[in-house]
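Morning, everyone. I have one structure to walk through, so please bring it up on your screens.

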Amino acid sequence: MKTLAGPCVLMILCLCSSAEAATAIDLLRETAVSWTGALPCGGWDCECAFRSQQGCCCVAKPLFELEEATFIRLVGLWEGLSRLNSQIEEVTAGCKIAFTAAMLPMSGCLGPFTSNMSISYQSVSLNQGNGYNAALGTFTAPHAGLYFFSFSAYSKVGDAGERLYQKVQLMKNGQLIASSWEDNREDSEDSSTQTVLLQLRRGCQVYIELLSGRQLCGDTQGSNTFSGYLIYPFSEQ
């Protein structure tokens, strides 16, 4: 009997505790519902919490305000990105500029001349933007920006012991920018390449010239080339 009495007493105490807890919760609910004044809820919707159906969100209004503020901010960001995209398109429109050209194959020599001579690269394989003039061998910048240029110089004089005597140079508006040369009797054939980056305004001219007294010979494969392209444009101030 003593053995059974312990568990029974424990069960009775648990039932009493549950009943008291349920009674306390009911009392709190009844007190809240019967409250006649303003409920001290701060930013919470206590009318929704205590008087409406189960599942009503107490923070519906703050969440709606947050959602609306977030949407307005996203709209502002989208409008800013659209304006930036329009500005980029305005600057870069029509700015696909690139060219590459080579000298026509020859078995003889170009030069020597008594003065510096612009080289005409007449075999044009690309002229996007129409900035390169094959007749003059001159590139005229259609748009201001940063440009990349490259030129290769090749010459073959024939038999060993003959003088390889060449010098070509890249010019910008008459100003020397870069050059490549060879002057020796040890090599009968030689080639070189130069690359440069140039900031150009619209209308600036870039070309390759052969220095006076020098020559390019034996280019039967069109290895003397001149090319360039626009890396990115910029607005002129």
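I'll go through the cysteines, then the nonpolar core, then a strand in that core, and finish with a lysine.

One caution before the details. This is a predicted model.

Cysteines, then. How many disulfides does a search of the whole structure find? The search finds 1. The disulfide joins Cys 109 to Cys 217, with the sulfurs 1.9 Å apart. The angle about the S-S bond is 110°, and the link is right-handed. Now place the two ends. Cys 109 sits in strand 2, residues 109-110, and Cys 217 in strand 12, residues 216-217, so the link ties together parts 108 residues apart in sequence.

Are the two ends buried or exposed? Cys 217 has a relative accessible area of 3%, so Cys 217 is buried. Cys 109 comes out at 44%, which means partly exposed, since that class runs between 20% and 50%. There is also Cys 204. At 11% relative accessibility, Cys 204 counts as buried.

On to the core. The largest nonpolar core has 28 residues. Which of them touch the most other members? Phe 139, Phe 149, Leu 170, Leu 200 and Phe 226. Several strands each supply at least two residues of this core, among them strand 1, strand 8 and strand 11. Strand 7 gives the most, with 4 residues. As general background, nonpolar side chains in soluble globular proteins tend to be buried together.

Stay with strand 7, residues 145-156. Of its 12 residues, 10 are buried, so call strand 7 mostly covered. What does strand 7 pair with? With strand 10, the sense is antiparallel, over 12 bridges. Ser 155 has Asp 190 as its bridge partner in strand 10. Strand 7 also runs antiparallel to strand 13, joined by 8 bridges. Over there, Ser 152 stands opposite Thr 225.

Now pick out Phe 149. Leaving aside residues up to four places away in sequence, its contacts include Phe 139, Leu 170, Leu 200 and Phe 226. Those four are also on the list of core residues that touch the most other members.

Last stop, Lys 172. Lys 172 lies in strand 8, residues 164-172. Where does its side chain reach? To the backbone oxygen of Gln 199, at 3.2 Å. Beyond four places in sequence, Lys 172 touches Ile 177, Leu 198, Gln 199, Leu 200 and Gln 205. Leu 200 is a name from the core list again.

That's my tour. Over to you.

Note on methods
Residues numbered from 1 in each chain as written. Predicted model: local features only at pLDDT ≥ 70, side-chain atom pairs only at ≥ 80, totals over all residues. Heavy atoms only, no water. Disulfide = S-S within 2.5 Å. Buried < 20%, exposed > 50% of the residue type's maximum accessible area, 1.4 Å probe, protein only. Polar contact = N/O pair within 3.5 Å; in protein donor to acceptor, adjacent residues only side chain to side chain. Contact = heavy atoms within 4.5 Å. Core = buried A, V, L, I, M, F, W, Y, C linked by side-chain atoms within 4.5 Å. Pairing = 2+ DSSP bridges.
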